[in-house]
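Trainee: Could you take me through one part of this model slowly? I'd like a close look at a single chain, and then a glance at how it meets its partner.

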Amino acid sequence: MSDSSIRLDHVDKRFGSVHAVQDVSFDVPRGSLLGFLGPNGAGKSTTIRMIMSIIYPDHGSISVLGGSALAAKNRIGYLPEERGLYRKMRVGEFLRYIGRLKGMSRNDARTSASTWLDRMELQSVDRKRCEELSKGMQQKVQFIASIIHEPDLLIFDEPFSGLDPVNAELMNTIIRELHAQGRTIIFSTHVLHQAEQLCERIMLIDRGRLILDDTMEGIQKTFDPRTIEVEPLEGAELPAHLDGVQERSRTRDGGWELHLDEHVDPHRVMHRVVEAGPVRSIRLRRPTLDDVFVMLVRDRLHETELGISLPGVTT
Amino acid sequence: MNRITPITWREFKYTALTKAFIIGSIIVPIFIFPLLIVLPVLFAPRLDPLQGTLVIIGSDAVVQQASDLAHEEQRKSGTARQLEEALLDMPDSIKNAASDPMLGNPMTSSELEYDLQVEAGTIAELDACKQRVRDHDLIAVVVLTDELLKAEPTREQNQFEMFVRPGLSPSHLDFVNDLLADSVVEVRVQHSGMNYAAMRAMMRRPGVITKRLQEGGGEVREYEWAKRLIPIAFMILVWIATFTSGNYLLTTTIEEKSNKVMEVLLSAASPMEIMSGKIIGQAFVSLITLFMYGGLGIIALIALSQADLIPLEMIVYLLLFFIMAYFMIASIMASVGSAVSDLHDAQSLIGPAMIVLILPMILWIPISESPNGSLAVVTSYIPPLIPFVMILRVTASGDPVPLWQIAIALVEGFAAVVVMMWMCARIFRVGVLMQGKAPSPFQLIKWIRYR
């Protein structure tokens with residue numbers, strides 16, 4: 001049995017003149033919890049649709065759960081970004097229908113739908129029509145539809161969309177549980193701090209190309225921290241000028257963020273700050289996924305505009 | 001196949017087991033036949049009696065004749081007489097229904113109650129008479145010329161003027177017109193020294209009682225109108241059954257796209273499975289419509305003792321060409337439904353196809369009158385038209401269609417079904433993922449060629 005849940009090998013896809021996915025290769029080990037990120041129109045959905053064999057690549061090959069993607073369809077759960085529910089269908093019936101489509105027997109689909117409705121605190125909506133539900137409830141029903149058949153591979157596109165914090169936490173817990181059961185989870189979102197909290201590994205795709213594929217730890221190591229957070233003691237002030245600091249900004253709690261020049265050693269700057277006056281705290285801020293995302297996407301845009309080629313960052 | 005079955009069932013359930021379908025396609029047809037009998041009663045005119053005086057200027061003989069005719073009992077208006085003549089060739093059951101006193105005697109109810117006085121006038125009194133007509137003192141004043149009463153009047157001479165009061169109903173006017181025309185003709189005949197009543201009896205065209213000899217012995221009354229109507233009835237049956245379901249297929253596909261549920265379905269089943277499930281599901285809906293309307297038609301023929309007008313092979317052809325027509329229409333509707341995001345866009349794509357498919361409706365009479373004519377033969381080999389034209393041909397009462405032509409139409413038609421379904425699958429596969437502007441027909445061709 002292969003250790004890969006998904007393997008893409010030089011996958012390429014065009015729609016007319018649009019080159020949606022360009023020579024993408026990656027490997028997702030079984031049991032991973034992976035964030036699949038990218039700006040709008042980057043090629044995420046096309047890649048996901050190819051993984052699910054909704055569409056096929058022009059070139060390259062895709063292996064899903066050790067075989068053909070088509071054969072693995074019943075072992076994949078997919079939560080699309082936009083809610084896809086039959087408005088007039090009753091919730092329970094909809095879930096059983098999806099279960100049947102995913103190869104479950106009538107009884108198994110019934111039992112599983114009922115169990116998950118209980119788990120998601122939706123016991124009372126079984127007989128309600130989908131159109132009668134709130135946006136958050138619809139999202140939860142659709143989430144159940146994606147996991148009802150206990151798939152080995154789960155692909156969630158914006159799973160927390162429309163959920164209040166309590167329900168978001170409930171879904172977060174369930175995703176962690178599913179991961180703990182050894183299922184592979186690919187998680188696509190624009191809310192990067194959620195991906196940062198949940199995912200072990202991040203892939204970033206932009207304009208059809210994979211521009212980042214690394215663990216969170218690796219990303220934080222790779223992307224040099226360029227911001228120092230400092231909180232002077234009451235009454236103390238920072239020096240008006242600090243070598244190596246490009247700009248500074250006030251934080252809400254009265255501290256400062258110091259944004260450093262390129263190629264400046266942050267530890268030297270921290271040393272200078274401490275020497276200049278008493279501080280309550282000082283720390284080197286680790287790069288967030290937002291920082292990395294903006295940096296990479298902006299740099300690629302800049303690269304395209306200038307017609308120059310920056311070194312690749314794909315690991 | 002295990003994925004197609006639930007899709008088929010859902011498609012069928014959410015179309016056929018809905019209140020709208022049950023009422024529209026099952027309950028309404030069941031009530032159509034009783035309504036056909038009851039409606040004439042409901043719509044039968046309840047006319048006011050025609051009372052008053054008619055002044056005729058120019059001929060005392062016509063005055064006398066009109067007065068005599070006006071005092072005939074049960075004189076019918078022209079419309080009532082036309083209906084009575086039309087009924088002569090109808091089956092007894094329809095005749096009985098039309099004149100059943102329990103149903104309000106719908107045909108004869110157009111008979112008019114009247115109390116009409118006819119007076120002579122002079123041309124000098126015309127203006128005064130016109131004023132009396134305006135004042136509703138007279139029903140009408142009529143001016144006859146001498147030329148009108150000649151034995152052989154020219155076209156220009158064979159007319160007269162009549163001034164009627166405002167608000168005279170069409171039925172009253174119809175009655176007065178007939179009364180005057182009959183009176184003028186009778187006076188002409190009398191002037192020629194002939195007996196009008198005898199002559200009218202001689203001039204009455206004989207009716208033909210056609211009897212059809214049945215294959216197994218026996219004979220039944222042949223009704224020409226029924227033989228003319230059977231081809232178009234069969235074609236409309238196929239048309240209604242296929243287009244009703246085709247339309248459902250179109251709207252449910254568009255709905256699944258606009259609801260974004262298609263994305264969920266595609267994660268569970270292939271586009272081919274979804275399309276197949278939907279088309280098969282709607283095929284059952286279409287069959288219900290076919291059996292419902294077809295069954296009622298057959299029951300009606302049995303009630304009229306005309307069941308032998310539809311031999312068994314005609315039913316077999318109906319089923320074969322219905323299947324062919326359904327899959328052709330379904331492939332068009334599923335393709336368009338998958339390619340667009342709303343019904344408005346769908347109309348612009350379906351329009352050209354509908355123009356072609358409506359041709360058999362326009363060509364119904366020439367094809368059914370001459371089922372082996374060049375027009376019929378040529379159009380029955382043009383794929384989208386095959387089932388509709390062939391059902392007209394095989395049910396027409398003229399020369400039987402050669403078997404080899406039926407065989408070619410069947411082979412070519414079902415080959416076209418395979419090609420159309422293949423093209424539909426290609427378009428469906430791409431179309432269901434597309435959102436936004438509707439594609440042009442040329443883009444659809446491009447989609448067929450996508451890998």
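Mentor: Chain B has 19 helices and 6 strands (both are DSSP runs numbered from the N terminus, with at least four residues of H or I for a helix and at least two of E for a strand). You're looking at a predicted model, where local features need pLDDT of at least 70, side-chain atom pairs count only at pLDDT 80 or more, and totals for chains, interfaces and linings use all residues. As for the labels, residues are numbered from 1 along each chain as its sequence is written, while chains are lettered from A and ligands numbered from 1 in the order in which they are written.

Chain B has a mean pLDDT of 83 (that's the predictor's confidence in each residue, from 0 to 100), and 86% of its residues reach 70 or more. In this chain the confidence is highest in strand E3 (residues 140-143) of chain B, at a mean of 94, and lowest in helix H5 (residues 92-98) of chain B, at 57. Then there's the stretch 100-109 of chain B, where the pLDDT is below 50, although the model gives this stretch 18 contacts beyond near neighbours in sequence (a contact means two C-beta atoms, placed from the backbone, within 7 Å). For the complex, the predictor gives an ipTM of 0.76 and a pTM of 0.71.

Now the chain as a whole. Of the 451 residues in chain B, 35% are buried (20 or more other C-beta atoms within 10 Å of the residue's own, all placed from the backbone; 12 or fewer would be exposed, and in between is partly exposed). Take the contacts in chain B between residues at least 6 apart in sequence: 77% of them join residues at least 24 apart.

Next, find two helices that cross. Helix H11 (residues 271-303) and helix H18 (residues 403-431) of chain B have axes that come within 9 Å and cross at roughly 120° (axes are lines fitted to C-alpha atoms, for helices over the stretch in contact, with angles from 0 to 180 degrees between N-to-C directions).

Zoom in on B:Phe428, which is found in helix H18 of chain B. B:Phe428 counts as buried because 26 other C-beta atoms lie within 10 Å. Leaving out residues up to four places away in sequence, B:Phe428 touches B:Pro271, B:Met275, B:Ala334, B:Ser335 and B:Ser338. There's also B:Ala339, 89 residues from B:Phe428 along the chain, with 7.0 Å between their C-alpha atoms.

Now go back to strand E3 of chain B. Strand E1 (residues 50-57) of chain B pairs with E3(B) in the parallel sense over 4 bridges (pairing takes at least two DSSP bridges between the strands). Here B:Leu54 stands opposite B:Ala140 in E3(B). E3(B) also pairs with strand E4 (residues 161-164) of chain B, in the antiparallel sense and over 4 bridges. For B:Val142, the bridge partner in E4(B) is B:Met162.

Finally, the partner. The contact between the chains takes 17 residues from chain B and 23 residues from chain A. On the side of chain A that touches chain B, strand E5 (76-79) and helix H2 (91-101) of chain A are the elements that give two or more residues. H2(A) gives the most to that side, with 4 residues. By class, the residues on that side of chain A are 14 nonpolar, 2 polar and 7 charged.

Notes:
Nonpolar A, V, L, I, M, F, W, Y, C, P; charged D, E, K, R; others polar.
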